[in-house]
Amino acid sequence: MTIYDAVIVGGGHNGLVCACDLAAHGLAVRIVERRPMVGGAAVTEEFHPGFRNSTASYTVGLLHRDIVRDLRLHEHGLRIVRRPFSNFLPLPDDGYLKIGGGIEATQREVAKFSTQDAARLPAWYAMLDGVVALVRTMLTKTPPSLGPRDFASIADWWSAWDLGRRMRRMDLPHKRDLMDLFTKSAGDVLDNWFESAAIKAAFGFDSMVGHYASPYFAGSAYVLLHHVFGEVDGHSGVWGHAIGGMGSITQAMAKEAAARGVETTVDTPVARVVVDGPAGKRRATGVVLEDGTRIAARRVVSNVHPQRLFLSMIDDSDLPTDFVARIKAYRSGSGTLRMNVALSSLPDFTALPGARHQPHHESGIVMAPSLHYMETAWMDARRDGWGGQPIVEMLIPSTVDPTLAPEGMHVASLFCQHFAPKLEASSARERYVDGWADDLAREDAADCVIATVDRFAPGFAETVIARQVHTPLDLERKFGLVGGDIFHGALSLDQLFSARPVLGHADYRSPIDGLYLCGSGNHPGGGVTGLPGRNAAREILRDR
């Protein structure tokens, strides 16, 4: 029987990165993926004849430049084009705000609402850049784990010393900025900086991406910061489209994995992790597939959600009691509903009329005109599952990638908040007796999203040829995102850095020897970065 040096459970982008890095050091690696293709949530699929789009993850910006270079992604066909500007916000009074295209262009836009806010913009960006400079160095580091192992404690001392040294080099104002962005709400931070509702909405939207909470919840400022790390081809603070959809990223990774000798098997769901040995010396020695086949390995690397791994694939008796309790309490559920639509023509926004291709059609189109609007959307979702005015971000990748749709037609990604991770019965939703498992709930929620876009772009509903709808339950069933959480767990203060996923195991090692974690449930969290996979590979190689 073949014994692999590592078997990786889950062929999402982090699993692919981890596999490539391990194989580069001579390890025999096998990836097992339960879906018919690798890529996890970063895949491109045809959802209507002639129409393809990124199914779940939908935009590029957090993918680390070193991974793009080291895995030769461009050589394997990856091409990324930058947005002309970051975001376009149509507003209820037929006004609009465009963010991006250079500081002067953004200042001119903001000055329509507040000359004071326009004057403050350079200081705002400088503040973010100062904090991001420190945080970016943390992304590629293993957090101090505070774990019980002797080796880990040495690494922890070094990691803590290095972080402290970098923080000491910051001046006092930047230290205060760092504290604000890690502890305060996005709403409080933005209220202290700006007076215009439009500019606060433009920046505050980033705090809502995958975050099921009010923008005035403590810690939401960090979610905003998490999305400021974006860069495309070395250009910081920008976002882009992957030609061919997000699947072109993971397919390029799969090509490099194959070139390095990684064996990949799809349609191969794992039932459980094999743990052998006497008490006190238990060790992961492989996996058992759902068909009963056993794959032996010297180490197992999990790229699945922490709760799926520890609560479904491992016996509680092989884990510390307190660890199991903490994993059960791990918060996961981003309140996300994800749609793809096939369009007969581009949307015609009242704020910028015309259905002919214009620069704003290539940007992120955010339909959430104020922080109050965002907070109301969350409160409605808490009470009724969703409200009449959800947060909707639209991207139309076919404007820069004509391969995604027939000539003259388009595809759009609709990323929508807030939709309750678990749909409970309420006076407004009493007819959905099975929650999100009820097809009627899915279709009614999708109708609400279409109606929201129609308010900003009248006639949009008539241009929809077909739609693909993923509720939080659909995202869990299809991609293993527990609670539909796009980040594999909330990016909250108690689930970040040394506490992700659980304090004592932030170093990509689990309580079971030979079992490692490489997914987004680990530092630095979700988004298509590839960094959890790379960081985990580094720790595996150190142990080896």
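**Classifications in a predicted model**

Q: Why does Asp 94 count as partly exposed?
A: In this predicted model, Asp 94 has a relative accessibility of 44%. Buried requires under 20% and exposed requires over 50%, so Asp 94 falls in between and is called partly exposed.

Q: How many disulfides does the structure hold, and what is the position of Cys 20?
A: The structure holds zero disulfides. For Cys 20, the nearest cysteine sulfur is that of Cys 18, 9.5 Å away, and the limit is 2.5 Å; Cys 20 is in no disulfide. With a relative accessibility of 0%, Cys 20 counts as buried.

Q: Why is the pair of Trp 386 and Phe 419 called tilted?
A: The ring centres are 6.0 Å apart, and the limit for a pair is 6.5 Å. The planes meet at 35°; stacked would need under 30 degrees and edge-to-face over 60, so the pair is tilted. A search of the whole structure finds 15 aromatic pairs.

Q: What parts does the pair of Trp 386 and Phe 419 tie together?
A: Trp 386 lies in the loop between helix H13 (371-384) and strand S19 (391-395), and Phe 419 in the loop between strand S20 (410-417) and helix H14 (439-456), so the pair links parts that are 33 residues apart in sequence. Both Trp 386 and Phe 419 are buried. The loop between S20 and H14 also holds His 418, joined to Gln 417 by a cis peptide bond with omega of about -5°.

Q: How do you know that Lys 112 lies over the face of Tyr 96?
A: Lys 112 is at 3.8 Å from the ring centre of Tyr 96, where the cut-off is 6 Å, together with a limit of 35 degrees from the ring normal. Lys 112 is accordingly listed as lying over that face.

Q: What makes up the lining of the largest cavity?
A: The lining divides into four nonpolar, six polar and no charged residues. Among them are Asn 53, Tyr 58, His 241, Met 246 and Pro 397. Strand S5 (51-54) and strand S11 (240-242) each supply at least two residues of this lining. The space in the largest cavity is about 60 Å³, and the structure holds one cavity of 30 Å³ or more.

Q: Which residues are the closest to the centre of the second largest pocket?
A: The second largest pocket holds about 400 Å³ of space. Of its 22 lining residues, Tyr 212, Arg 331, Ser 332, Gly 333 and Ala 490 are the closest to its centre. The lining divides into ten nonpolar, nine polar and three charged residues.

Methods
Residues are numbered from 1 along each chain as its sequence is written. This is a predicted model: local features need pLDDT of at least 70, side-chain atom pairs count only at pLDDT 80 or more; totals for chains, interfaces and linings use all residues. Side-chain values use heavy atoms; hydrogens and water are left out. On a 1 Å grid over the protein atoms alone, a cavity is a set of points where a 1.4 Å probe fits but cannot get out, and a pocket is an open set with protein on both sides within 12 Å along at least five of seven lines; lining residues have an atom within 4 Å of a point. Grid points are joined across faces, edges and corners, and a volume is the space filled by probe spheres set on the points. Ala, Val, Leu, Ile, Met, Phe, Trp, Tyr, Cys and Pro count as nonpolar, Asp, Glu, Lys and Arg as charged, and the others, Gly among them, as polar. Buried means under 20% relative accessible area, exposed over 50%, partly exposed in between (1.4 Å probe, protein chains only). Helices (H or I, at least four residues) and strands (E, at least two) are DSSP runs, numbered from the N terminus.
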